[in-house]
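Here are a few notes to go with your first look at this one. Keep the viewer open while you read.

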Amino acid sequence: MKQIKFFFFLIVSNMLLYSANPGGVSGVQLWLRADKGVSGSLVSQWSDQSGNGWDAKQSDSTYQPSLETNKANFNPALYFTDHYLDVPYHQELNGENLSVFTVVLSDGGRGYRSPWTTRDDPPGRRTTAGHILYLEDRGAYSYWNGVLTESWKQLDTSTAPSGNYEILTTKSATHTANSSIDKAIYYQGSQIGTATNVHFSPNSSKPFRVGKGATEDTSKYPHGRYPWHGYITETIVYDKALNDTDRNRVESYLALKYGITLTQSQDYRGCDGSVIWSASSNSGYGNDIAGVSLDTGGSCSEFDQRVSKSINSDAIITMATNSDFSSANPSSRPPLSASSGSFIIWSNDDGDATWDSNGAPRGGKILDRKWKVQKSGSPNNINIQVDVDDSDFDIDSFNGPLYLVHGSDLSKAIPLKMQNDGSGKWHIENINFADGDLFSFVVEVPEMNITKSSCVVDDPVNNTTNPKRIPGSTIRYAIEVTNSGYGNADNVIVTDKLNDYFDSSTIKAPRIAQDKCDCTNPTNTASNGSNGSGDGENPVKIDFATVSANSVECGYFEVELK
């Protein structure tokens, strides 16, 4: 009985240890990710995270790729030129029904280049078998499959590398058992090519190779051919043709992790399959999508992105769970939430890098580009950094501080002053977004302060010589308005409602002085503005019109005490 209990415990422990799945989609057969299972600057082993233990290995240091940290949205990546790693042959990685996801960046090379293959093409024989993803010498991606009695079959596309990180997905599904397949290739989540009823033969002996497109070793090419030139961050293999929803779940995980924008209109999904960023709800805001997240536990992705920025060239927003906006995505940062399934995802409307007074809080100018936030679960408040001097989206110059505004109506939002980090970067901490909030940035915001003082200028006993505050005395009020900000304050009207201790009929219409208040001796006064009140009107309205930046103005009025 003890042995049975112990055996059961081992099974349960093993299930718990390897319960994670990319995007929460079960059945993963191979999962290579640069942020886990890799050690050392030269990679001799890339440990499989699927639970199968099918590790990718390379014993020859000459052909070991290098591990580089903080290369893909604060995550690490492996760098390949003439390097490769092999996963020993497994039927599950070579069948008719296969879905393969890889995140790559091509930065050069010549001829055919391949980030992965299951190729079997024996030297000297016109027999082919397996699958290959190629970047062809003509400069576009293609998906090849082998047929024992024929040359390689291929699926050409017109899509070329972007020069940035890309999600490339291939899918094959049985068309007629053991004779043909239907296949497709996807780029950033959208299908870029498909073929049906293609003859196919599975590789039956060669390894699954990462970093090169050929597994046969010849005297001319003792270490294979068609090397990938660039970065690979993640490679995921399923022994089934995933449906569109499950494919979208895996691609959503990869897109948010690496700051990649899926081609629109596509939703983003969490590991439970729920929509965490809706293309329809965010219509018009489908650019530079990025997010921070906690989506772990159970069968989830072990997805814990604590700092993020879209990899697109004109992206200028970084969000993080602390005030570190530059170092890699380590566990030392605080998590986004105490609860899994929490996301803050942002995207923008592709507006310009100019300032406009239309739609801005009063007295300010707002950036033409606006962002929108979709929030899921229970994330903590977040910290934000903006780069106003980004070389690909250089915001028009401005004087003074920068302010963040967020809410459903930015023209009515309260500007929040940001901190200048230098080198064109500004940040603000502890922002609590609501789901659906817009946000942008404001300059030339006035900072207003109003003070009120009074003095007795006349009374029926002492007249103007040392007058006292007694019934019948005249009280003069001074309303001082200070704008210590960098922007003019327009349409400034101050209202003061007097109580019954005063004889409202004796109110003398306010006058304005462009100077600090001197209650006993106001100078340089002018008439109240057109929107101000006149004699005998209560409440008293003082129309300052425009109070210039870094200026002080004073309004005076008089009234008799009952």
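1. Some ground rules. This is a predicted model, where local features need pLDDT of at least 70, side-chain atom pairs count only at pLDDT 80 or more, and totals for chains, interfaces and linings use all residues. Residues are numbered from 1 along each chain as its sequence is written, and side-chain values use heavy atoms, with hydrogens and water left out.

2. How many disulfides does the structure hold? There are three, a disulfide being a pair of cysteine sulfur atoms within 2.5 Å. Counting the bonded cysteines along the chain, the pattern reads 1-2, 3-5, 4-6.

3. Start with Cys271 and Cys300, joined at an S to S distance of 1.9 Å. Cys271 sits in the loop between β17 (268–269) and β18 (275–277), and Cys300 in the loop between β19 (287–295) and β20 (303–305), so this pair ties together parts that are 29 residues apart in sequence. Strands here are DSSP runs (E, at least two residues), numbered from the N terminus. Both Cys271 and Cys300 are buried, meaning under 20% relative accessible area; exposed is over 50%, and partly exposed is in between (1.4 Å probe, protein chains only).

4. Next up is the disulfide of Cys455 and Cys519, with sulfur atoms 2.0 Å apart. Cys455 belongs to strand β35 (residues 448–458) and Cys519 to the loop between β38 (502–513) and β39 (525–527), so the link spans 64 residues. It is left-handed, with -90° about the S-S bond. Cys455 counts as buried at 12% relative accessibility, and Cys519 counts as buried at 11%.

5. The disulfide of Cys517 and Cys554 has its sulfur atoms 1.7 Å apart. Cys517 is in the loop between β38 and β39, while Cys554 is in strand β41 (residues 551–561), so parts 37 residues apart in sequence are tied together. The torsion about this S-S bond is about 105°, so the link is right-handed. Is Cys517 buried or partly exposed? Cys517 is partly exposed, at 24% relative accessible area, whereas Cys554 is buried at 0%.

6. Now the sheet. Five strands make an open, antiparallel sheet in the order β21-β22-β27-β33-β32; strands pair if DSSP finds at least two bridges between them. β21 (307–308) and β32 (419–422) are at the edges with a single partner strand each, so one side of each has no neighbour in the sheet.

7. Val307 has Ala320 of β22 as its bridge partner.

Terms used: Helices (H or I, at least four residues) and strands (E, at least two) are DSSP runs, numbered from the N terminus.
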